[in-house]
Amino acid sequence: MTVEQLCLSILYEGEATGYDIRRHFSEGEAAWFADASIGAIYPALAKLEAKGLVGFEIEEQVGRPSRKVYRITEAGRQAFMAGLREPLAKDKFQSSFLHFLRFAHLAPREVVVANIEARQQHLDDEVGRLEAMLSQSSSSSQGRWMLEYALAMTQAMREGLNTAIRKICADPSCGKDRSAEARSPSARG
């Protein structure tokens, strides 16, 4: 999807500022299927506005600069719906971490362990964030399913990492699942 289509998808469900749209891609549900930077969002919104697919109102704020609140037009809704009928591009998964693991045997052990532990922590944090989003979610059933899917995929990555660690590390403690220790009552003291 283009950034324009991504912006339309957010605006399809309600009004938003450029900052609100960015937050959807950094913290919200949209973070699981796309990324869009502020530097890409505002030009996309300008193009959408020039095409008549979105409009905006200037909202005055006390003690702060005014802001543009964007809304999708009927033409924008039609364009968004037409985009949903287009063939999808193939998903691609790229990971600098997987690239590192491919050559981990060439790196010093302490670097391998540090990178693995950092990835484990990242995945644990993502699981926690997704669980929190699900518990606070007022999303549609489709939005909730998407969060559940993202949670399952993140948990699967975590389990896959544990399997990879056992294969990559010769030392059994290298692959030890520290998240299980952190959850056990004896580890918390």
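Helices here are DSSP runs of H or I at least four residues long and strands are runs of E at least two long, both numbered from the N terminus. The model is a predicted one, so to speak of local features a pLDDT of at least 70 is needed, side-chain atom pairs count only at pLDDT 80 or more, and totals for chains, interfaces and linings use all residues. Residues are numbered from 1 along each chain as its sequence is written, and side-chain values use heavy atoms, with hydrogens and water left out.

On that basis the protein has nine helices and two strands, and from the N terminus on they come in the order α-α-α-β-β-α-α-α-α-α-α. Of its 189 residues, 31% count as buried, where buried means under 20% relative accessible area, exposed means over 50%, and partly exposed is what falls in between (1.4 Å probe, protein chains only).

Just after the helix, G14 takes a positive phi of about 160°.

The packing of nonpolar side chains comes next. A nonpolar core is taken as a set of buried Ala, Val, Leu, Ile, Met, Phe, Trp, Tyr and Cys residues joined through side-chain atoms within 4.5 Å. The largest such core has 20 residues, and L11, I21, F25 and L45 are the ones with the most contacts inside it. Two or more residues each come from α1, α2, α3 and β2, with α1 giving the most, at five. Leaving aside residues up to four places away in sequence, L45 touches C7, L11, G18, I21, V54 and Y70. A second, separate core of nine residues includes F97, A104, I116 and I165.

Strands β1 and β2 run antiparallel and are joined by seven bridges, while two strands count as paired if DSSP finds at least two bridges between them. F56 stands opposite Y70 in β2. Two residues sit between the strands, and G63 takes a positive phi near 75° in this hairpin.

Charged pairs follow. With a salt bridge defined as a side-chain nitrogen of Lys or Arg within 4 Å of a carboxyl oxygen of Asp or Glu, the count comes to six salt bridges. One of them joins the side chains of E4 and K51 at 2.9 Å, N to O. E4 lies in helix α1 and K51 in the loop between α3 and β1, so this pair ties together parts that are 47 residues apart in sequence. E4 counts as buried at 18% relative accessibility, whereas K51 is exposed at 53%.

Another salt bridge links D20 and R23 at 3.4 Å, N to O. Both residues lie in helix α2, three residues apart, or about one turn of the helix. An α-helix has 3.6 residues a turn, so residues three or four places apart point the same way. D20 counts as buried at 18% relative accessibility, and R23 is partly exposed at 35%. R67 also pairs with E59, the closest N and O atoms being 2.8 Å apart; R67 is partly exposed at 32%, and E59 is partly exposed at 33%.

Y19, I38 and Y42 form a nonpolar surface patch with about 300 Å² of accessible area together. Patches are made of residues with over 30% relative accessible area and no salt bridge, with like charges joined within 9 Å and nonpolar side chains (Val, Leu, Ile, Met, Phe, Trp, Tyr) within 5 Å. E126, by contrast, is a buried residue with a relative accessible area of 15%. E126 lies in helix α6 (residues 109–136) and touches W32 and T154, not counting residues up to four places away in sequence.

Key:
Areas by Shrake-Rupley, 256 points an atom, 1.4 Å probe, with all protein chains shown as cover. Contact = heavy atoms within 4.5 Å.
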